[in-house]
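Good morning, and thank you for coming.

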Amino acid sequence: MRILLVGAGGVGSAVVPIAARRDFFDHIVVADYDRSRAEAVVSEQMEAADRAPERVTVPGRAASERVTVPERPATSRQAAASERAAASGRFSAIGLDASDEAAVEAALREHRCDVLFNAVDPRFDMPLFRAALAAGADYLDMAMSLSRPHPSRPYELPGVKLGDEQFAMSPRWEAEGRLALVGMGVEPGLADVFARYAADHLFESIDEIGIRDGADLVVEGPGGQEAFAPTFSIWTTIEECLNPPVVWEDGGWHTTEPFSEPEVFDFPEGIGPVECVNVEHEEVLLVPRWVKAGRVTFKYGLGAEFIEVLRTLHKLGLDSTEPVRIKGVEVSPRDVVAASLPDPATLGDRMRGKTCAGAWIKGAGKDGRPREVYLYHVVDNEWSMREYGSQAVVWQTAVQPVVALELLARGAWKGRGVLGPEAFDPVPFLDLLNEYGSPWGMREQ
């Protein structure tokens with residue numbers, strides 16, 4: 001498998017060190033609008049390979065329990081260095097404009113890539129999606145094509161829904177015998193895998209699937225005080241948080257006000273109670289296509305301060321993506337906001353705490369009795385920084401598509417057309433995630 005990874009930002013830069021430990025692919029071309037950023041990601045991986053001691057999994061221990069091999073003789077060290085150099089050679093860097101469909105298609109052909117891995121924000125989904133199809137490549141993203149609110153009743157009815165543009169092209173992908181795996185990050189992605197797993201193995205019928213995301217992460221400022229610094233793309237966060245949230249209920253979708261239906265959810269592994277609110281998210285559009293449930297929601301633990309900041313940005317028009325002219329230069333207010341905040345990929349050394357993604361499912365268990373479970377995945381920032389040099393939120397997002405690509409490369413997952421994670425057997429995915437050293441969990445509610 002040869003992969004064109006488009007985007008060397010937070011998630012894209014976290015993908016490389018995760019993939020570097022696996023052998024399912026031949027080459028990854030890291031592409032970014034800023035070529036120097038792509039080159040820096042590849043260079044960092046080469047340097048990491050040179051300085052890292054050999055790590056092995058000890059039989060009988062969890063994959064996350066590693067030991068360092070003792071110092072080897074000079075000849076063995078030279079052989080190991082050659083192996084690491086070969087592994088580093090599996091990555092290269094190019095400059096590429098994700099909005100230039102023709103250039104992306106040309107890059108796929110030039111580098112003989114059979115998969116396009118989209119790691120940029122969702123405004124670029126459609127040009128990348130179309131370029132992959134034109135080049136005869138498979139496609140994977142971690143979000144879906146953007147929504148547009150209903151023109152007259154935005155807080156009651158959906159307009160153009162997340163993913164509508166992509167699913168409309170599914171017949172063309174099927175006809176070409178190619179796969180577009182959409183929404184394959186952590187949320188959407190792993191959460192959708194959890195939903196399918198619950199439907200297949202835990203429940204006879206499902207009343208509600210509630211995707212719940214929360215964390216106790218803190219970012220320290222220069223003086224040690226808590227700082228305001230979003231741990232994920234602020235461009236994407238503004239998009240999903242200020243759009244009308246979508247709810248699946250009674251066989252159809254409807255919308256509601258942003259930040260509606262607040263509830264306190266108790267997250268596992270010491271994170272504790274976090275207030276969560278409705279946010280527009282892809283799982284609500286994906287899960288009902290493959291999993292029968294009475295209701296599907298997505299709620300995000302944003303916190304009062306973050307919600308107030310988002311409301312203020314909206315009030316001032318700083319969430320707008322429409323360009324404004326300032327001193328002869330056109331720029332969108334949202335891009336200015338994003339450029340003014342720290343790059344989430346650089347926050348790891350200043351972060352502490354854990355992040356949790358999961359699916360809360362209620363219904364009748366296989367024995368017919370009422371059952372309620374929370375399937376979840378927690379990443380501790382201290383662990384992800386120590387093991388991979390990536391902060392917890394971007395690492396948790398990045399590992400899921402790498403697992404999916406490995407399943408596709410090995411033939412454990414197969415498909416044609418535009419499909420979500422729910423379309424596949426969840427067990428191989430969850431087993432492989434454990435093998436990657438980051439296990440998932442289940443809590444009876």
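This is a predicted model: local features need pLDDT of at least 70, side-chain atom pairs count only at pLDDT 80 or more; totals for chains, interfaces and linings use all residues.

Buried here means under 20% relative accessible area, exposed means over 50%, and partly exposed lies in between, with a 1.4 Å probe and protein chains only. By that scale Trp-440, at 22% relative accessibility, counts as partly exposed.

Residues are numbered from 1 along each chain as its sequence is written, and side-chain values use heavy atoms, with hydrogens and water left out.

Let me turn to the aromatic rings. A pair of aromatic rings is described by the distance of the centres and the angle of the planes. Rings of Phe, Tyr and Trp (for Trp, the six-membered ring) pair if their centres lie within 6.5 Å; planes under 30 degrees apart count as stacked, over 60 as edge-to-face, and the rest as tilted. By this rule there are 20 aromatic pairs. In one of them, the ring centres of Tyr-197 and Trp-440 are 5.5 Å apart and the planes stand at 70 degrees, so the pair is edge-to-face. Where in the chain do Tyr-197 and Trp-440 lie? Tyr-197 belongs to helix H8 (residues 190-202), whereas Trp-440 is in the loop between helix H15 (426-435) and strand E22 (441-444); the pair links distant parts of the chain, 243 residues apart. Helices (H or I, at least four residues) and strands (E, at least two) are DSSP runs, numbered from the N terminus.

A second pair, Tyr-374 with Tyr-376, is stacked, at 5.8 Å centre to centre and 15 degrees between the planes. Both Tyr-374 and Tyr-376 are buried. They also belong to one aromatic cluster together with Phe-265, Phe-267 and Trp-360.

Rings can also have a charge over them. The rule is that NZ of Lys or CZ of Arg is within 6 Å of the ring centre and within 35 degrees of the ring normal. Arg-21 lies over the face of Tyr-388, 3.9 Å from the ring centre. Likewise, the charged end of Arg-289 sits over the ring of Phe-167, at 3.7 Å from its centre.

The arc is that of the directions from the helix axis to the C-beta atoms.

Next is helix H11, residues 304-316. The expected span of a helix is 1.5 Å times one less than its number of residues. For the 13 residues of H11 this should give 18 Å, and the end C-alpha atoms are 18 Å apart, which agrees. Which residues of H11 are buried? They are Phe-306, Ile-307, Leu-310 and Leu-313. Seen down the axis of H11, the buried residues fall within an arc of 125 degrees, so they line one face of the helix. On the other side, Ala-304, Glu-305, Lys-315 and Leu-316 are exposed. The buried residues of H11 pack against helix H9 (234-242), strand E14 (272-278) and helix H12 (333-340). Gly-317 follows H11 and has a positive phi, near 80 degrees.

Helix H4 (residues 101-110) has Val-104, Ala-107 and Leu-108 as its buried residues. Their arc around the axis is only 100 degrees, which puts them on the same side of H4. The face turned away from that buried side carries the exposed residues Ala-102 and Glu-110. Just after H4, Arg-112 takes a positive phi of about 55 degrees.

Finally, a word on the record. An unreviewed UniProt entry annotates residues 185-437 as "domain: Saccharopine dehydrogenase-like C-terminal"; UniProt positions are given in the numbering used here, feature names are shortened, and annotations may be inferred rather than shown by experiment. Over residues 185-437 the chain is 34% helix and 30% strand.

Technical notes:
Contact means heavy atoms within 4.5 Å.
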